[in-house]
Amino acid sequence: MSLHKHKPGFSLSSKLFAVFFSVFVFGVAIIAVVVVPQLKTRLTDQKLRNLGDYATLYSDSYLAALNQGSSRIYLDLLTQQYAERADARILAVDSSGALLSDSLMGQGFDPNDYSIAKEAFANGTLVTSVSSINGRSFAMAAVPISKPDPVSKKNVIVAAIIVTSSMNDVESAVTLVQWLMVAGTAAALVLAVVVIFLVSHIISRRIRHIESGAQQIAEGDFDIKLPVKSRDELGQLAMTFNDMGSKLGSAFQQVDNEKRRAKVLLDDLSEGVVGIDIDGNIIVANPAAEGLLGREITVPCSLKECLPDEIYELWLSMNPEHPFREDTFMLPRERAMQVHTSFLSDQAELVSLLVLRDVSQEVKMEKSRRDFIANASHELKTPLFSLGGFLELLQDEDVDESTKEEFVATMREQVDRLSDLARKLLDLSQMDSGAIDVRASRVELKDVVDTVAREFTAYSVSHDSRVDTSALPEDLVASCDPDRTAQLARILIDNALKYSPEGATVEVSGSHNGKSVSFTVADHGSGIPTDELSRVFERFYRGRAAGRVRGTGLGLSIAHELAKLMNGAIEVESSGKGSSFTVTLPAGQSLSAGTAAGQLGKV
């Protein structure tokens, strides 16, 4: 169909042509009026920022060289080096406008051309501008240099660094863009006229079908199918449109599935996750966050109202320049929470994210580590100081044999104390590293405890005390490591005897508990205060009742670890008139069932 057969008038094709042509011309005009000036402004601003950065960078180097008393020649060389890097002219002038240094060695310098230096002196900060010198435009940046006055000790501006560069590159770029725009516009205009006339009358007849289909898809009907009446472009468009509808339906279904999957994952996280929008409202919060914060969060909820002030202040301190913040806050009941804030984007609904972690255990372990080092140092220092003192006395003083024997005996006690401390520290170290191999076998607890009790016969006689194991059943059999069980019993009996008064009896009893057995070591000492019961198994911890009783505070810690290694447990009770420690171990098989032996494993 030729163009001259179309009737003039207000047909749809004519309207489409008029609209397309008008939009095209208007767009070109907008580009010519708005884009080109904005392009020039942005290129100019970028050039000024670059010069400002170079001026600031060079001012630091120039000030350093100035403070070192560098010569004028060195300063000129330094200026030339920076000028080559910046592809610009760099000058240094004083407050009177006199030239201090110039990358062009003062060529064509006129103080009146660089009035920007006066602005820098007056403002005391970086100044940028575009100035004209001999009919040419130059971009300039000036930054003042200040140094302490030797008399007043105040910073005094002593010079200004000026970085200047011709605007020819900006003007050339803008001119090139303008020329390309004119050429492109002319070519596009000719092509647009032809294309518009060819396309407008075709799409006008079938556009309504596509519009109708688009409307139905916009309303959520992704099953709509447009009729395909031909294999031309519009036919292909209809086919593509139908395919798009199917894919959009699948995509939306996938998005819904991903949302549900993300919600499940978010709900299963042990860390609390809080999502925040641009207005500072919580729009996402998983159950872990509600548990850590101790309150229910109904979204949307104001961040300031739903979170503690400390977390809110941490979130406020975040910005695009510092998109990540992290801090740890102490909560009531010796709890600690680590909060990590992340800035995501200010162009989406979810702007920032808070991740909350309960780090109470980590904080407690760090405190225990510090206490461990401090206590170990203290326990080592005391006997070492004592040994050093006695050695000096033996070396420097003329002492008789009886005094010397007394010194040696005391030194032997301190050496034994150090040996005991080293042995216990080694045991704890091996337990922590998993180097202790615990092998379970059938163990008759009565035999093990009786053997350990006989080791304390001499101590019991000297203190008029005794260890009574008569309440320990003969048939009490455990599945455990005999050597480690003996070590555990030795610690408990030794502890009970040390804290019992002279003439007291330490009682050892036991019982069957179904799949486990237990034995209890009870003393009649002063007991353990209630507020100290939860700490008796801490390393180096010695309660107020310890008094002058010698010890390292490690025995019960080792006992606690040994019980755990043998799949058992140890508990303490105290009524104020003595204390009892109960060790529970897995029950062993009877003789008829054979011997229970096996590897408990390395921990």
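**Helices, sheet and cavity**

Q: What makes α13 and α14 a packed pair, and at what angle do they pack?
A: Helix α13 (residues 482-498) packs against helix α14 (residues 555-565) at an angle of about 150°, with their axes 9 Å apart. Axes are lines fitted to C-alpha atoms, for helices over the stretch in contact, and angles run from 0 to 180 degrees between N-to-C directions. Arg484, Gln487, Leu488, Ile491, Leu492 and Asn495 in α13 meet Gly555, Leu556, Ile558, Ala559, Leu562 and Ala563 in α14, where contact means heavy atoms within 4.5 Å. Helices (H or I, at least four residues) and strands (E, at least two) are DSSP runs, numbered from the N terminus.

Q: What is known about the model and its numbering?
A: This is a predicted model, in which local features need pLDDT of at least 70 and side-chain atom pairs count only at pLDDT 80 or more, while totals for chains, interfaces and linings use all residues. Residues are numbered from 1 along each chain as its sequence is written, and side-chain values use heavy atoms, with hydrogens and water left out.

Q: How many bridges join β4 to β5?
A: 11 bridges join β4 to β5 (residues 155-166), and the strands run antiparallel. Lysine 147 has valine 156 in β5 as its bridge partner.

Q: Why are β2 and β3 called edge strands?
A: The open sheet has five strands in the order β2-β1-β5-β4-β3, with antiparallel pairing. β2 (99-102) and β3 each have a single partner strand, so one side of each is left without a neighbour in the sheet.

Q: Why is the space lined by His463 and Glu502, among others, called a cavity?
A: On a 1 Å grid over the protein atoms alone, a cavity is a set of points where a 1.4 Å probe fits but cannot get out. The structure holds one cavity of 30 Å³ or more, and about 30 Å³ of space lies in the largest cavity, a volume being the space filled by probe spheres set on the points, which are joined across faces, edges and corners. Lining residues have an atom within 4 Å of a point; His463, Ser465, Leu497, Ser500, Pro501 and Glu502 therefore count as its lining.

How values were computed:
On a 1 Å grid over the protein atoms alone, a cavity is a set of points where a 1.4 Å probe fits but cannot get out, and a pocket is an open set with protein on both sides within 12 Å along at least five of seven lines; lining residues have an atom within 4 Å of a point. Two strands pair if DSSP finds at least two bridges between them.
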